[in-house]
Amino acid sequence: MYFQRYYLECLSHASYMVADEETKIAAVIDPQRDIDIYLEDAKEHGFEIKHVILTHFHADFIAGHIELRNRAGAQIYIGSKGDAEFDHVKLSDDDRVELGAVYLSTLETPGHTPEGITMLVFDPSYSVDEPYAALTGDTLFIGDVGRPDLLASIGVTAEQLGNMLYDSLHEKLLKLPDATRIYPAHGAGSLCGKALSSEPYSTLGEQRKYNYALQPMSREEFLKIVTAAQPDAPDYFVHDAIMNRKDRPSLDESMKQSLQALSLAEVLERQAAGAQIVDTRDPIEFAGAHLKDSLNIGIDGKYATWAGTMLNKTEPIVVIADEERVEESILRLGRIGFDQVVGYLKEGMDALNDRPDLVARTSRITAPAVSELDGKVVVLDIRNGKEYDDGHIEGSLNIPLNHLAERFAEIPPADHLVVHCAGGYRSSIGASLLLKLGRRDVLDMVGGFKAWEASHLPVVMTSA
């Protein structure tokens, strides 16, 4: 058997290729949208990718099943409770996907979504009767389970899914042998759960001991614990879950439409018509000079997640980026289904050399210098509520970045509006948004709360 895990750090996403080395037939499970990595691997080993399997309709990224169908001729498989526009084979309990002596067997494991499945990997050289691994999708993570609260907006409640999840865990997955390796579709950093581990895999026996959601408890206790303290889900999650059901254009087709070099005049015309201008450069470069009313979402960070959170999923997008990272900036938007990029600024910021009237700058301040400011100072902490409760600057106002636009009116007038996050990445996004919304008193605190603590400045904690 050939078994390979692929991990996409920016989306905390794991996908897998399983192949029979005798027949050379391969299956890819939960692929990312840009599929060259699988095609290159298959070519290197002489495999034919005949099967592509979705453990569920992912909400945090666009899967590459359409791309593998188009370019490799792969058959698409989904759980029996799922419906999709494209041709597919539905998988129910014990249905097999044959690769040769190696095969995949299906367990229907709804809970994160109604159509969720787990694929058991059987390799006769390991065992004739017991699975080598379980590809659990978003049902069971290392250290966590899939959150059941993402589909309320389309009519499936957290209670309904939570009950399904409890049954899937106790009636299906927990009955597998303890030696079964657990390979989920996400790791630490994903918003599909709240306590995911960074470990690539575990065993069911280890998870039975240490995973909080697998400890003995009643159904009622389980429902309470798995729905508590879940992070806010970005608005684009529902958009992606729906898009993954559609027979949509491929990423290659989308990229051809999006990789259009635009003159400054064309960018300004689109901006005036409502296009969103996204500058993906480093926050320091952005602070030094940027196109007025552009939003800074740095490519070297949780770029896709914050782009999906901060951008409107229907309005056109124009990208400003360092020349060598233009394609990457657009591709990573495509990974989350933001295909409405209409182009990028040709020559980047050099295009503004003769238009200083269009250039804006973000003022920055060090943590120790905040106390030296004259006049009324408002410190705006844009971290999430838990981060704020764990320690914050006395008197600071907490509005998480993902709620900053909707709660903009809550920010009082000031001579200086000091914005900070944990380390400086989110605060650049927040500062650029505040400037776009009309504030002219914005200061981005360099290094964020970590710099404040490192400077031994006073910190208060919210009492429990």
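I count two residues as in contact when they have heavy atoms within 4.5 Å.

I worked on a predicted model, in which local features need pLDDT of at least 70, side-chain atom pairs count only at pLDDT 80 or more, and totals for chains, interfaces and linings use all residues. Residues are numbered from 1 along each chain as its sequence is written, and side-chain values use heavy atoms, with hydrogens and water left out.

**Gln207.** I placed Gln207 in helix α4, residues 204-210. Helices here are DSSP runs of H or I with at least four residues, strands are runs of E with at least two, and both are numbered from the N terminus. Gln207 is buried at 5% relative accessibility. I use buried for under 20% relative accessible area, exposed for over 50%, and partly exposed for what lies in between, with a 1.4 Å probe and protein chains only. With neighbours within four places in sequence set aside, Gln207 is in contact with Phe141, Ile142, Gly143, Ser202, Leu214 and Gln215.

**Cysteines.** I searched the whole structure for disulfides, taken as pairs of cysteine sulfur atoms within 2.5 Å, and the search gave zero. Cys10 is in no disulfide, and its nearest cysteine sulfur, that of Cys192, is 14 Å away. Cys192 is likewise in no disulfide. I then checked burial: Cys10 is buried with a relative accessible area of 13%, and Cys192 is buried at 0%.

I looked up Ile29 and found it in strand β3. Ile29 is buried, with a relative accessible area of 0%. Not counting residues up to four places away in sequence, Ile29 touches Ser15, Tyr16, Val18, Ile53, Thr55, Leu104 and Leu135. I also took a C-alpha distance: Ile29 and Ala84, 55 residues apart along the chain, are separated by 17 Å. Asp30 belongs to the loop between β3 (25-29) and α1 (36-45). Asp30 is not a glycine, yet its phi is positive, at about 55°. Asp30 is buried at 2% relative accessibility.

**His456.** I noted another positive phi, near 60°, at His456, a residue other than glycine. His456 lies in the segment after α14 (448-454). Is His456 buried or exposed? At 73% relative accessibility, His456 counts as exposed.

**Thr280.** I found Thr280 in the loop between β14 (276-279) and α9 (283-288). Thr280 is buried, with a relative accessible area of 2%. Its contacts, leaving aside neighbours within four places in sequence, are Ile297, Gly298, Ile299, Tyr303, Val319, Ile320, Ala321 and Ser329.

**Helix α10.** Tyr303, listed among the contacts of Thr280, is one of the buried residues of α10. I counted burial along α10 (residues 303-310) and got eight of its eight residues buried. Those residues pack against α6 (236-243), β16 (295-296), α11 (326-334) and α13 (425-436).

**Record check.** I found that UniProt, in an unreviewed entry, places the feature "domain: Rhodanese" at residues 271-361 and 373-461. UniProt positions are given in the numbering used here, feature names are shortened, and annotations may be inferred rather than shown by experiment. For residues 271-361, the end C-alpha atoms lie 18 Å apart, and the span is 27% helix and 21% strand. For residues 373-461, the end C-alpha atoms lie 24 Å apart, with 28% helix and 18% strand.

**Cavities.** I used a 1 Å grid over the protein atoms alone: a cavity is a set of points where a 1.4 Å probe fits but cannot get out, a pocket is an open set with protein on both sides within 12 Å along at least five of seven lines, and lining residues have an atom within 4 Å of a point. Grid points are joined across faces, edges and corners, and a volume is the space filled by probe spheres set on the points. The structure holds two cavities of 30 Å³ or more. The largest cavity has about 70 Å³ of space, and its lining includes His56, His58, His112, Glu115 and Arg245. The second largest cavity has about 30 Å³. Among the residues lining the second largest cavity are Thr55, His56, His112 and Asp138.

**Pocket.** I also looked at the second largest pocket, with a volume of about 220 Å³. Its lining includes Arg281, Ala321, Tyr344 and Asp350.
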